[in-house]
Amino acid sequence: MSQSTHVPHPDLPPPSASTGVIGWLRANLFSSPLNSALTLLGLYLIWLLLPPALNWLLFKADWSGSDRSACHGEGACWVFIKVRLDQFLYGFFPAEERWRIQLSWLLAVVGAAPLFMKRNPLRMPSALFMLFAYPLIAYGLYTGPLFGLPLVETSQWGGLMLTLTIAVVGIAGSLPGGILLALGRRSKMPIIRSVCVVIIEFWRGVPLITVLFMSSVMLPLFLPEGMNFDKLLRALIGVVLFESAYIAEVVRGGLQAIPKGQYEAADALGLNYPKAMGLIILPQALKLVIPGIVNTMIALFKDTSLVIIIGLYDLLNSIQAAAVDPNWLGFATEGYVFAALMYWVFCFSMSRYSQALERRLHTGHKR
Amino acid sequence: MTASAVTPGITDKVMIEMKGVHKWYGQFHVLKDINLTVQQGERIVLCGPSGSGKSTTIRCINRLEEHQQGQIIVDGTELTSNVKHIEAIRREVGMVFQHFNLFPHLTVLENCVLAPIWVRKMPRREAEALGMKYLERVKIPDQAKKYPGQLSGGQQQRVAIARSLCMQPKIMLFDEPTSALDPEMVKEVLDTMVSLAEDGMTMLCVTHEMGFAKQVANRVIFMDRGEIIEQNDPQTFFNHPQNERTKLFLSQIISNH
């Protein structure tokens, strides 16, 4: 048998009709008669809806002025938002103390910035600052006495500031709470497991609105005479417990997706339970459930508007309150559009951040 | 290479002692009266049909499985439900799995240094030097910064071996280390194991690689239905099997290869 040498076939470029702009249009918009028809229909709908929407929102809208007379009625009247903006952002927080909120927001942006950038030496200090120092600073700034500032009652808090406070406390509290509940539910110890199952199933089984209502109206009835604590604090505790139950189930899904071999490998190396969980299992499980966690957090962010049931005026509720002001009757649409925009900006940012996080934590092959 | 190529560095020190070990999975009796003494430096191959309890046997040695009856003493410490004892034994017993079980969220080097740092409390710098030493030993130091998902199966299994060695164990357990590999990668893993055996590591290996058994083992154990049927030195075991069941098994293996 004679030996032959195999010469590999050279790589050829793909056919030109499948690349470039033409190739993209063909593959994505006009790949079949039906898809072509849908593409054209889509374009027609955009043509139909977009110009009037833009006209109302931007081109024919009223931007300048300081009272109702500035509104001419053709497009949106953003003067309403402009005039009431402080109320939407800070609620009834005294005007001369609003710098405290602004400072807290500035600190959050500056303090957390390194976390959103590529690997840099400030990441760790920034994380520690946001985790431990910031909550205390924000608490001090918002309430006052801790820093020797005048006291601002939580009943005066409102607007976006209240929305953000509830959402951030809810998120920051429910994540560790949820992780602990999820681990507890998978524990081999029957008492811990049953306690966690009961907590999760109870809090997941009641509507948030009921939780808030109970915390505000019912709880004081059970507390001894004279013992009373802040309404907002009660609502926050309710929100954290409620969200913990949801996060727990999301995290449990991630824990169950980790192959048994990972637990065994961690055990075989001599890692004890906290180390095996903290170093091996949770980093992988949490990465897997980022979409689910962020989903829950976005839902929480929007659910904060339910605090109206206990008389707290968050972003949406202060807009609603302004819209029924006799001086500004008829401008609710502008208010709701503004509210939608604000909620969307925050929720969309969370969504983008989670996607970036997923990409950064991806270590395997993309197949 | 013949069996004599491996220098027998077996000492009198007993590393593992299993006395009358029984185990059940529910009603199913997986291990029946296992008695096994392993001396320091011994290289033992466990073979047998699937479901015969060979994996379960070695998994009992580091308590990945719990035995319900009998005694297992590893390096002088008895395995009971005492968590401190279990952790102490796991520090001294390395294990290599069929499916590698590398940690996919950590780089190859991080996989290797994790346990030395967190279990042995070794400073990171020292642990990394150790990790690189063992990655060189399994011949993949150049992959240290990659993630397990970027390596071939054979490379992953060698990383898994290096990861175990970084704990500087006294005993190594191999649970079918080549069964999940493509044929062309089996050799690189077996070569690593042979070199480990030559260094006098106490090894228990569940494998179907009879060539490896002949070359490296000083004792081959045949298990069937949860019992040790026969154990002997490889020459006697392969050339003059005593038990009918062993003969049948060996004839099946040879006709398959």
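Trainee: Which residues does Leu173(B) touch, leaving out residues up to four places away in sequence?
Mentor: Ile58(B), Ile61(B), Asn62(B), Val93(B), Gly94(B), Met95(B), Val96(B) and Leu204(B). Contact here means heavy atoms within 4.5 Å. This is a predicted model, where local features need pLDDT of at least 70, side-chain atom pairs count only at pLDDT 80 or more, and totals for chains, interfaces and linings use all residues. Residues are numbered from 1 along each chain as its sequence is written, chains are lettered from A and ligands numbered from 1 in the order in which they are written, and side-chain values use heavy atoms, with hydrogens and water left out.

Trainee: Where does Leu173(B) lie?
Mentor: In strand β7 of chain B, residues 171-175. Helices (H or I, at least four residues) and strands (E, at least two) are DSSP runs, numbered from the N terminus.

Trainee: Is Leu173(B) buried or exposed?
Mentor: Buried, with a relative accessible area of 0%. Buried means under 20% relative accessible area, exposed over 50%, partly exposed in between (1.4 Å probe, protein chains only).

Trainee: How far apart are Leu173(B) and Gly94(B)?
Mentor: 79 residues in sequence, but 6.0 Å in space, C-alpha to C-alpha.

Trainee: Gly94(B) again. What about the largest cavity?
Mentor: The largest cavity has a volume of about 70 Å³. Its lining has 13 residues, and the closest to the centre are Ala268(A), Leu269(A), Gly94(B), Met95(B) and Ser164(B). On a 1 Å grid over the protein atoms alone, a cavity is a set of points where a 1.4 Å probe fits but cannot get out; a pocket is an open set with protein on both sides within 12 Å along at least five of seven lines; lining residues have an atom within 4 Å of a point. Grid points are joined across faces, edges and corners, and a volume is the space filled by probe spheres set on the points.

Trainee: Which element gives the largest share of that cavity's lining?
Mentor: β6(B), with three residues.

Trainee: How many cavities of 30 Å³ or more are there?
Mentor: Two. α8 (208-222) and α12 (290-303) of chain A each give two or more residues to the lining of the second largest cavity.

Trainee: How many disulfides does a search of the whole structure find?
Mentor: Zero, over all chains. The cut-off is a pair of cysteine sulfur atoms within 2.5 Å.

Trainee: What is phi of Arg63(B) near?
Mentor: Near 65 degrees, a positive value in a residue other than glycine. Arg63(B) is in the loop between α1 (54-61) and β4 (69-74) of chain B. Asn101(B) also has a positive phi, about 55 degrees, and is not a glycine.
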